[in-house]
Amino acid sequence: MSKWLQILALQANEHGQEAVAKQLGVSKTVISQLINSKYPGDLVRMRKLVEGAYMHRTVVCPIMGEIPLHQCDKHQNNTVTSNPLKLRLYRACRGGCPHSTLPAQQQFKRIAIQADFSVGNVPKRYSADAAYNRLERQSQTDGGGLRQLCGLLKDELKALELRYNKLLQQQATGRNQNDQ
């Protein structure tokens with residue numbers, strides 16, 4: 001029996017299958033089937049849930065920072081988007097988060113950047129500082145206390161600014177060379 005299954009069985013003996021099932025967000029039938037090696041479902045997902053809840057395995061969420069693995073799974077399956085934080089999580093989980101296990105059809109598709117470099121039409125440059133200021137104001141209206149989020153987002157936006165502006169410059173240079 002693997003280590004995560006041993007820990008699951010130990011937790012079920014100490015706290016009861018129903019309490020363990022509630023913490024993992026599954027039914028007590030699933031817990032029973034796992035302990036008895038009869039679970040027909042996704043063992044990889046179940047292992048991640050147990051490791052996150054009882055073995056202190058964490059991931060770095062782009063929105064919430066370091067969180068337990070089982071909470072990451074819970075956020076990926078979230079469909080409620082009326083709460084601003086849950087909406088940001090929903091978008092991050094479907095927008096290319098490296099920890100997302102969602103099938104490709106549930107993830108957002110990337111849109112190619114098309115810039116019009118005709119004479120007199122210069123694309124607007126991306127400003128990470130302006131985007132950060134907007135996000136900081138939004139986090140304060142959400143109740144504050146999200147400084148860590150703002151720090152992570154600022155770093156990400158700075159990197160995005162560099163990549164995007166470099167792309168615009170490369171496209172403009174390539175366009176100018178083709179026009180000559």
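Is Glu 51 buried or exposed, judged by its relative accessible area? In this predicted model, Glu 51 is buried, with a relative accessible area of 14%, and because buried means under 20%, that value places Glu 51 within the class.

Glu 51 forms a salt bridge with Arg 47, in which the closest N and O atoms are 3.1 Å apart. Both residues belong to helix α4, and because they stand four residues apart there, about one helical turn separates them. The side chain of Glu 51 also meets that of Arg 57 in a salt bridge, with an N to O distance of 2.6 Å, so that Arg 47, Glu 51 and Arg 57 are linked in a network. Whereas Glu 51 is buried, Arg 47 counts as partly exposed at 27% relative accessibility, and Arg 57 likewise counts as partly exposed at 36%.

The count of salt bridges comes to three, and among them is a pair between the side chains of Asp 73 and Arg 45, at 3.0 Å from N to O. This pair links distant parts of the chain, since Asp 73 lies in helix α5 and Arg 45 in helix α4, 28 residues apart. Here Asp 73 counts as buried at 13% relative accessibility, while Arg 45 counts as partly exposed at 28%.

The largest nonpolar core has 18 residues, of which Leu 8, Leu 24, Val 26, Ile 31, Leu 34 and Met 46 touch the most other members. At least two residues of this core come from each of α1 (3-15), α2 (17-24), α3 (28-35) and α4 (43-54). Met 46, once its neighbours within four places in sequence are left aside, is in contact with Trp 4, Val 26, Val 30, Leu 34 and Tyr 39.

The structure holds one cavity of 30 Å³ or more, and about 60 Å³ of space lies in the largest cavity. Its lining includes Ile 67, Leu 89 and Ala 92, together with Cys 61, Cys 72, His 75 and His 99. Helices α5 (69-76) and α6 (84-94) each supply at least two lining residues, and the largest share, three residues, comes from α6. By class, eight residues of the lining are nonpolar and two are polar, with no charged residues.

Note on methods. Residues numbered from 1 in each chain as written. Predicted model: local features only at pLDDT ≥ 70, side-chain atom pairs only at ≥ 80, totals over all residues. Heavy atoms only, no water. 1 Å grid on protein atoms, 1.4 Å probe; cavity = no way out; pocket = protein on both sides within 12 Å on 5 of 7 lines; lining within 4 Å. Points joined across faces, edges and corners; volume = space filled by probe spheres on them. Nonpolar A, V, L, I, M, F, W, Y, C, P; charged D, E, K, R; others polar. Core = buried A, V, L, I, M, F, W, Y, C linked by side-chain atoms within 4.5 Å. Buried < 20%, exposed > 50% of the residue type's maximum accessible area, 1.4 Å probe, protein only. Contact = heavy atoms within 4.5 Å. Salt bridge = Lys/Arg side-chain N within 4 Å of Asp/Glu carboxyl O.
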